[in-house]
Amino acid sequence: MPGRFVYWMNVSLDLRIEHATDEQGGGSWMRIGESLHHEFNSRARALSLMVQGRAIYETMEGFWPRARDDASLPGFLREYGQIWTSMPKVLVSRTRTSAEHNTRVINADDAVRALADLRAQTEGDIGVGGATLATALLRAGLLDELLLFTHPVILGAGRPLFDGHDEPLELDLLEQVRFDQGVTLHRYAVRRSRS
C-alpha cells in the first residue's frame, strides 16, 4: 500500500498560516503550549518521513538541531529536536543541493514526479511542510490528508493554507481533538474527484 501525503500545518480560523511575511510557524498568534507540543511529538514520531519545502526546512534547521541538546529547554522541545534531526527527510529546493540531519534533496523543478515515486515506495504517513509544496501535491492529485492545528484567531490577512488554489476541495473529517488554550486538531481525508 503506498504512503499517504499528510499536509501538517498550524492555521488560524480563516485558514491563514502566516499573518506577517515569513513567520514560518512562529507567529505570536499561535498558542503552542506543552500539551500541544506533546501531540506534535507523537504525530511526528509516527511519520515514515517528512517532505519539506526550503523555507520550512531552513526554519526547522535553524532551531531543532541545537534544541535537541539544549539543557535550558523543556524536555518536550528537546524531544522534538531529536525526532526532527533523526527522521528521514526530503528537502524540495531549487537552490540547495545538500542538507544534513538525515535529509536528501530533490530539485523542485522535478518535484511532483519524484514525490509521486517516493509516495509509491513508502508505507505510512509522509508529513508535508510548506504551502507551495502542498499546493503542488494537491494539484497533482497526490495530497491525501490535512492535519490542521487550528488556533482560535482570525487573522484577516496573510498567507493562506494553499497557494493560489481557488477550486472547492471536498474533505472527510477523520479526527478532531481539543487542546489547551482553545486549539483544535482537525484531520481530514482529501476526497478524490469522481470524474
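**A helix and its partner**

Guide: Leaving out residues up to four places away in sequence, Glu39 touches Phe149, Phe179 and Leu185, where contact means heavy atoms within 4.5 Å. This is a predicted model, in which local features need pLDDT of at least 70 and side-chain atom pairs count only at pLDDT 80 or more, while totals for chains, interfaces and linings use all residues. Residues are numbered from 1 along each chain as its sequence is written, and side-chain values use heavy atoms, with hydrogens and water left out.

Glu39 belongs to helix H1, residues 34-45; helices (H or I, at least four residues) and strands (E, at least two) are DSSP runs, numbered from the N terminus. With a relative accessible area of 18%, Glu39 is buried, a word that stands for under 20% relative accessible area, with exposed for over 50% and partly exposed for what lies in between (1.4 Å probe, protein chains only).

The axes of H1 and helix H4, residues 75-86, come within 10 Å and cross at roughly 20 degrees, the axes being lines fitted to C-alpha atoms over the stretch in contact, with angles running from 0 to 180 degrees between N-to-C directions. H1 and H4 are therefore roughly parallel to each other, since angles under 35 degrees count as roughly parallel, over 145 as roughly antiparallel, 65 to 115 as roughly perpendicular and the rest as oblique.

Tyr80, which has its place in helix H4, deserves a look of its own. Tyr80 is buried, with a relative accessible area of 7%, and once its neighbours within four places in sequence are set aside, Tyr80 is in contact with His37, Phe40, Asn41, Ala44, Met50, Met60 and Trp64. Between Tyr80 and Arg45 there are 8.6 Å in space, C-alpha to C-alpha, although the two are 35 residues apart in sequence.

Phe5 counts as buried at 0% relative accessibility, and its contacts, not counting residues up to four places away in sequence, include Val51, Leu115, Arg119, Leu137 and Glu145. Of these, Leu115 and Arg119 are among the buried residues of helix H5, residues 111-121, together with Ala111, Ala114 and Leu118. They cover an arc of only 140 degrees around the axis, which puts them on the same side of H5, the arc being that of the directions from the helix axis to the C-beta atoms. On the other side of H5, Ala120 and Gln121 are exposed.
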